Amino acid sequence: MPQYLKNSNRIRLDKFGIFKLSFSSQGRENEEDVTSADIKSARVLFTPSAQLKRELSDITYTKK
């Protein structure tokens, strides 16, 4: 999984959702000035599938 993310692939787990990488970077005025050194951090984003969202939509909470 890490190798797929490093290669800019999205990973879809059928009825679960999608994982992808997101980057935070230093802004630049011109496209030509942008380099990989401008990337400050990377993180994994998860987007749940519609089915997973539906299945979790009726959660109730109780205090123990």
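**Notes on the aromatic cluster, the sheet and the salt bridge**

1. There are 3 aromatic pairs in the structure, where rings of Phe, Tyr and Trp (its six-membered ring) pair if their centres lie within 6.5 Å. In one of them, the ring centres of Phe16 and Phe46 are 5.0 Å apart and the planes stand at 35°, so this pair is tilted (planes under 30 degrees apart count as stacked, over 60 as edge-to-face, the rest as tilted). Phe16, Phe19 and Phe46 make up one aromatic cluster.

2. Before going on, a word on the source: this is a predicted model, with local features needing pLDDT of at least 70 and side-chain atom pairs counting only at pLDDT 80 or more, while totals for chains, interfaces and linings use all residues. Residues are numbered from 1 along each chain as its sequence is written, and side-chain values use heavy atoms, with hydrogens and water left out.

3. Now the surface. Leu13, Phe16 and Phe46 make a nonpolar patch of about 250 Å² (patch residues have over 30% relative accessible area and no salt bridge, and nonpolar side chains are joined within 5 Å; areas are Shrake-Rupley with a 1.4 Å probe). Leu13 has a relative accessible area of 37%, Phe16 has 40% and Phe46 has 34%. Each is partly exposed, the class between buried (under 20%) and exposed (over 50%).

4. Leu13 belongs to strand E1, residues 11-13 (strands are DSSP runs of at least two residues, numbered from the N terminus). The open sheet has 3 strands in the order E1-E2-E3, paired antiparallel (pairing takes at least two DSSP bridges). E1 and E3 (39-48) are the edge strands, each with a single partner, so one side of each has no neighbour in the sheet. Direction ignored, neighbouring strands are turned by 25° against each other on average.

5. E2 (residues 17-25) pairs with E3 in the antiparallel sense over 9 bridges. Leu21 has Val44 of E3 as its bridge partner.

6. Last, the charges: the count is 1 salt bridge (a side-chain nitrogen of Lys or Arg within 4 Å of a carboxyl oxygen of Asp or Glu). Arg28 and Asp38 form it, with the closest N and O atoms 2.6 Å apart. Both sit in the loop between E2 and E3, 10 residues apart. Arg28 is partly exposed at 45% relative accessibility, whereas Asp38 is buried at 6%.

Terms used: Patch = residues over 30% accessible without salt bridge, like charges linked within 9 Å, V, L, I, M, F, W, Y side chains within 5 Å. Helix = DSSP H or I, 4+ residues; strand = E, 2+ residues; numbered from the N terminus. Buried < 20%, exposed > 50% of the residue type's maximum accessible area, 1.4 Å probe, protein only. Axes fitted to C-alpha atoms, helices over the stretch in contact; angles between N-to-C directions.
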